[in-house]
Amino acid sequence: MKALAARRHDRRAPVVLLLLALLLTGALYAVLAPTSADAAPAAATADEVETGEKLFQANCATCHGPEATGREGVPSLVGVGAAAVDFQVGTGRMPLQMNGPQAPAKPAQFDEEQIAALAAYVASLGAGPSVPTAEQVDGSLGDPANGMALFRTNCAMCHNAVGAGGALSEGKWAPNLWETTPTHVYEAMVTGPQSMPVFNEATLTSEEKRDIIAFLDLQGQGAPGGLSLGSLGPVSEGLWAWVIGMGLLIGAAVWIGARSS
């Protein structure tokens, strides 16, 4: 009995138990952890990747380097994924027109096939977020009410409560989202361009991203109350109320004074 008791209280037992607990924790995490709902990368052909590499060398390598590993002050593109290329090039932000606090959106300099080829080439350099599927960005399948709550919790501090955009610090700005395509809105959320944070699956699931797109789709259809007043919220609304209200009061005072005299 003493021998059995000694074995049960072996000094190595805590280490063995700790290792077993770590292994069990890792196994449970692998089984229960949420998986990314990003779309699977589309199978790019060798010709498409080759075309994308030629376009990259001719238009992007000057800044990002011939191997897309970046230069001083210019980020590496290895691992950014096809979604980042589709967003940056598709919105005309890249190639960059001039240095500044922020790359402005402008007409795209490449057509859809060329953008897809560039995205395929960059995606071949390292795994990253892929271009979302049509189902992932279909606002008609989302819940705009939930999207409104999510947007005002995660996005309104920069983009305004209805997506009208606004000024940021150091000459930067949050763009208006009403004219941004649903695909580009989704890609911005998963890649975090410029001052925008990345919203991964742990922060916003793909369904919640679609709900936000559904909310923005409604906002882009016009102000339900009639006049948007700049969509700046209580500031512009209060200003108009003050101007009109004070104008009416002053007008009434002048009329009363004229009548009494």
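**Exercise 1. Helix α10**

What span should the 14 residues of helix α10 (residues 206-219) have at 1.5 Å a residue, and how far apart are its end C-alpha atoms?

*Solution.* Some ground rules before we start. This is a predicted model, where local features need pLDDT of at least 70 and side-chain atom pairs count only at pLDDT 80 or more, while totals for chains, interfaces and linings use all residues. Residues are numbered from 1 along each chain as its sequence is written, and side-chain values use heavy atoms, with hydrogens and water left out.

Step 1: know what a helix is here. Helices (H or I, at least four residues) and strands (E, at least two) are DSSP runs, numbered from the N terminus.

Step 2: get the expected span, which is 1.5 Å times one less than the number of residues. For α10 that gives 20 Å.

Step 3: check it against the model. The end C-alpha atoms are 20 Å apart, which agrees.

Step 4: see what is tucked away. Buried means under 20% relative accessible area, exposed over 50%, and partly exposed in between (1.4 Å probe, protein chains only). The buried residues of α10 include Lys-209, Ile-212, Ile-213 and Phe-215. Their cover includes α7 (144-154) and α9 (182-191), going by contact, that is, heavy atoms within 4.5 Å.

**Exercise 2. Salt bridges**

Find the salt bridges in the whole structure and say how accessible their partners are.

*Solution.* Step 1: apply the rule, a side-chain nitrogen of Lys or Arg within 4 Å of a carboxyl oxygen of Asp or Glu. The search turns up 2 salt bridges.

Step 1: take Lys-54 and Glu-50, whose closest N and O atoms are 3.8 Å apart. Both sit in helix α3 (residues 46-59), 4 residues apart, about one turn of the helix. Lys-54 counts as exposed because its relative accessibility is 56%, and Glu-50, at 40%, counts as partly exposed.

Step 2: take Lys-209 and Glu-201, with closest N and O atoms 3.7 Å apart. Here both residues are buried.

Step 3: look at Lys-209 again. A charge sits over a ring if NZ of Lys or CZ of Arg is within 6 Å of the ring centre and within 35 degrees of the ring normal. Lys-209 lies over the face of Tyr-186, at 5.9 Å from the ring centre.

**Exercise 3. Aromatic pairs**

*Solution.* Step 1: set the cut-offs. Rings of Phe, Tyr and Trp (its six-membered ring) pair if their centres lie within 6.5 Å; planes under 30 degrees apart are stacked, over 60 edge-to-face, and the rest tilted.

Step 1: Phe-56 and Tyr-121 are 5.4 Å apart centre to centre with 50° between the planes, a tilted pair. Phe-56 is in helix α3 and Tyr-121 in helix α6 (residues 112-125), so the pair ties together parts 65 residues apart in sequence. Phe-56 is buried at 1%, and Tyr-121 is buried at 5%.

Step 2: Phe-151 and Phe-215 have ring centres 5.5 Å apart and planes at 50°, so this pair is tilted. It links helix α7 (Phe-151) to helix α10 (Phe-215), 64 residues apart. Phe-151 is buried at 1%, and Phe-215 is buried at 3%.

**Exercise 4. Cysteines**

How many disulfides are there?

*Solution.* Step 1: ask for cysteine sulfur atoms within 2.5 Å. The count comes to 0.

Step 1: check Cys-60. Its closest cysteine sulfur, in Cys-63, is 8.5 Å away, too far for a bond.

Step 2: check Cys-155. Cys-60 is buried at 16%, as is Cys-155 at 9%.
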